[in-house]
Amino acid sequence: MFTIEHLRFGYQKGKEVLKGLDLSMETGKIQGFAGLNGAGKTTFLNLIYHFIRPSDGKITYNGHPLLRREVSYLEAENYFYPYMTGREYLELFPAGGGGFDMERWRQLFSLPLDDIVESYSTGMRKKLALLAALKPDKPVLILDEPFNGLDLESAHLLTMILAQLRTGGKTILITSHIYESLAGCCDVIHYLSDGQIARSYTREEFPLLQDELQSIMEERFGGLIAGLIPSQ
Amino acid sequence: MHIPAAFIRFRFRQAGKFVKEIPLPYLVLLLGILAAAGMAGYSFVESRTGGAAVGGGMLLLLLSIHLKRKDFHFIRLAEASPWTVFCADYWLLSCPVMALEAVRGQWAVALALLLGCVGVSLIRQPYWRRAKGFPVPRLIPAEAFEVRTGLRRDGWVLLAFYAGAFVGLLLPYASFAMLWVYTAALSGCFRDGEPVAVLCSRELPAGRFIGRKLGVNLRLFALSVVPVCLLYVAIRPGDWWLALFFFVMAILNVALFILMKYALYRPGGKITSGQISLFLSMAGMLLPFLAPVTLFLLVRYAVMARQQLTPHLYVYN
C-alpha cells in the first residue's frame, strides 16, 4: 500500500496548501489527481518526491517511509541544458535493472536524438523528459501533466505505455487538467479541493465525477460567461 | 540609417546599473586593472602593427559577441531594425579603443574599426536555431555535459584559441596569453544551471556531487592544457616555474567556474551575477598579486555551492 497520513504544507505561514491530507492507495495502479488550478496537485507531488519537506505527516510505501530513490518524477514544465542533444540528456540518467533500449524508444517516439534539444518542438521535449523519467525504472512514477503538448498520436501512445507499466507492477501518480486524459488511463481519480482529497472515484464512478465537475463549473462560471458574451 | 535612440539610452541605463551594483573594493580593483590595460594599450598602439593588432582583437571580440547574441527577436518585437541596434552597440563598446587609436594617430585603424562594426552588425542573425553544432568527440563523457555543450556552441572559437596556444610556443609568453583566453572562454560553459532532474540523476549528496563534478571537469581541462605547458617547458626550460604557476592558476580558475555555477544555481536558469569576481580571479592568472583573491573566492563559493545544493540533494545524505 501507498499511504499518506496527515500531510501538511504551506509556502507561507498561516496559509496551508495541504491541510492534513490523508490517502491510502493501492500499489500497481494508475492513480489520477484532479482539481482546479491552485488546488495543490503539484505541491502534493513535490512532497512525495521530497522536493519540499512537509510541515507534518508521513508518506509510506509498502510499509516503509518512501525514498526518493524509489521514485521517478516528470515535472509539468521541462527545460533542458542549452546545446545538449536528446541522446546526451538521456545518457545522464542511469538505466534501471530492466535495461533501456534507447534505439527502440527513439523509434517509438520518432525523436531525433542526435539533434540539440533547442530544435525540438514542445511535444518532442515532453517525450524526451518522459523517456528520462522512464529510464531509471523506478517502482513509483510521478507524472505531472504528462499529456501537455503531446499530439493525439503521442497521447494515445502514452496511455498505452502507462497501461504496460501498470502491468509491470509500477505505481503511477498522474495529474492532468483534462478530465478525458485522466479518465482514459487511470484506475482511480482523486479530487483535490481545499487542501484535502475531497473524494476518490473508481472507474465505475468516473461518469459521476464528470457530472460533478460539470455542475461545479456551471455554478461557478455559467452566469459570468452569460453576462460577458452577449447573445446574437 | 535610423539611430536607435531608445536602445542607446537603455544601454546607458544598463551600464549605470551594472556599475552601481559592483561593491566598492571590487570597483577600485577593476578600475585599477582597466587603467593598467589602458596604459598598456596606449603604448602598444604607438606602432602601426600594434594598432592593427589591438583593432583586430577588438573586432574579434565583437564578432564573438555577435555570434552569441539572442536578442534578434526582442529587437524586432520592439519594432527596431536589428542591424542598427547591433551597430550602435558595437560602436559604443569599441569607443575607447577607437579613441586610443585616434589619439595615437592611427586614423586608418580607427576608421577600419568603425567600418568593421558595421560589417559585423550585418552578419545574418539568428544563429542559435542550429540542430547539430560543432562536432564533439565521444571521449568527453556524458557527465561533462557542460564541456560537451560548450564545445558544440563555441567549438570553433575554443579550437582557434587552443591551436593559437600551440602556435604561440614560437614566441615567449604568447602560449600563456592564448591559454588565458581559452580558459576565459571555457567559463562560458558553466553559466547555465541544469534541470533538477539532471542534478538528482546521480543520487549523490551535495558534497560528493560537487567533488565528482570537479574531478571529471578538472581532469578534462588538465588533459587539454598539460601538453602546451610541457612543450613550453621543453622549449624554454628556464621558465618551468611560470608554466607551473599558470597551470595551477588555470586549474583553480576552472574549479571556480564550476563552484560558482552551483553557488548561484537556479534550476534551468542562467547565471548572470558573479562576473566581477570571475574577472578578478582570471586577472590573477596574469597578475600574481591577485592570486589570493582566487583562493578566497574558491573557499567562499565552495561553501555557498554546498549550501545551495543541499535543499535539492539532502535526501541522499
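Is B:R69 buried or exposed? Select it and see: B:R69 counts as buried, at 11% relative accessibility, where buried means under 20% relative accessible area, exposed over 50% and partly exposed in between (1.4 Å probe, protein chains only).

A word on what's loaded: this is a predicted model, in which local features need pLDDT of at least 70, side-chain atom pairs count only at pLDDT 80 or more, and totals for chains, interfaces and linings use all residues. Residues are numbered from 1 along each chain as its sequence is written, chains are lettered from A and ligands numbered from 1 in the order in which they are written, and side-chain values use heavy atoms, with hydrogens and water left out.

Next, hop to chain A and pick A:E103 and A:R106. Both sit in helix α3 (residues 102-109) of chain A, three residues apart, about one turn of the helix (helices are DSSP runs of H or I, at least four residues, and strands are runs of E, at least two, numbered from the N terminus). A:E103 is partly exposed at 35%, and A:R106 is partly exposed at 25%.

Then try A:R8 with A:E16, another salt bridge, with the closest N and O atoms 2.7 Å apart. A:R8 is partly exposed at 25% relative accessibility, and A:E16 is partly exposed at 33%.

Now for the interface. Select the residues in contact (heavy atoms within 4.5 Å): 36 from chain B meet 26 from chain A. The two chains bury about 2,900 Å² between them, 55% of it on carbon and sulfur atoms; buried area is the accessible area (1.4 Å probe) that two parts lose on being put together, summed over both. Highlight B:R152, B:E203 and B:Y314, which supply 17% of the area that chain B buries against chain A, more than any other three residues.

Last stop: zoom in on A:K138 and B:E203, whose side chains meet in a salt bridge (2.7 Å, N to O).

Methods. A salt bridge is a side-chain nitrogen of Lys or Arg within 4 Å of a carboxyl oxygen of Asp or Glu.
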